[in-house]
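Work through the exercises below with the sequence and the structure at hand. Each task is followed by a worked solution.

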Amino acid sequence: MTMDKTPEAPERSLDQSKMPYQLPFPPEAATEIVVPSALPEDERVWVPQMENVWFRPLCLHTGQGYWINLLRVRKSGVLSRHRHPAPVHGFVLRGRWHYLEHDWVANEGGYVFEPPGETHTLVVPDDVPEMITLFHITGCMIYVDPWGKQTGYEDVFTKIDMCRKHYAQNGLGGDFVDQFVR
């Protein structure tokens, strides 16, 4: 005996390529950071670091001990001598710079990887009116003299403190920095 089979309706497939993820995110996961204008129009967002040198925080991660910021320099000359015990990544957005200890130049559009253990002296050439570089720094920057004696340091916590004080003094409010802290 033969049974007639009814043809099944073709399976409709939904295009899931543009469907957002449907499950909840882990409750312990940090929230994302979206900075609509990394190069801000409001000068108050730039935190002074020394004369003619500012940084603009993008991410200050206390749990992993790193920070990502834009470094802006509007002067030529030696900026700082420092050591990194952890890796650093940089991307030059404007201008150029180099280290006294190396023969390469970080030009606009260039990427720099600095391995752990690097000690170097950052120099902005005389003919560069403005240098802006995106840096991702893990751990700390240890400022040293030419023979390696420590003269100071910065880490994610000192960066947060600098931001909080600056924003409190310039009308943005000390809590303005909180949007960058994870």
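**Exercise 1.** Find how strands β1 and β2 are joined.

Solution. Strand β1 (residues 47-50) runs antiparallel to β2, and 3 bridges join them. Strands here are DSSP runs of E of at least two residues, numbered from the N terminus, and two strands pair if DSSP finds at least two bridges between them. Next, take Val47: its bridge partner in β2 is Phe55. Finally, look at the hairpin of β1 and β2, where 2 residues lie between the strands and Asn52 has a positive phi near 65°.

The model is predicted: local features need pLDDT of at least 70 and side-chain atom pairs pLDDT 80 or more, while totals for chains, interfaces and linings use all residues. Residues are numbered from 1 along each chain as its sequence is written, and side-chain values use heavy atoms, without hydrogens and water.

**Exercise 2.** Follow β2 to its pairing with β3.

Solution. Strand β3 (residues 66-73) pairs with β2 in the antiparallel sense over 8 bridges. Phe55 has Leu71 as its bridge partner in β3. The hairpin of β2 and β3 has 4 residues between the strands, and Gly65 in the turn shows a positive phi of about 70°.

**Exercise 3.** Why is strand β2 described as largely enclosed by the rest of the structure?

Solution. Of the 9 residues of β2 (residues 53-61), 9 are buried, so the strand is largely enclosed. Buried means under 20% relative accessible area (1.4 Å probe, protein chains only).

Definitions and conventions
Buried means under 20% relative accessible area, exposed over 50%, partly exposed in between (1.4 Å probe, protein chains only).
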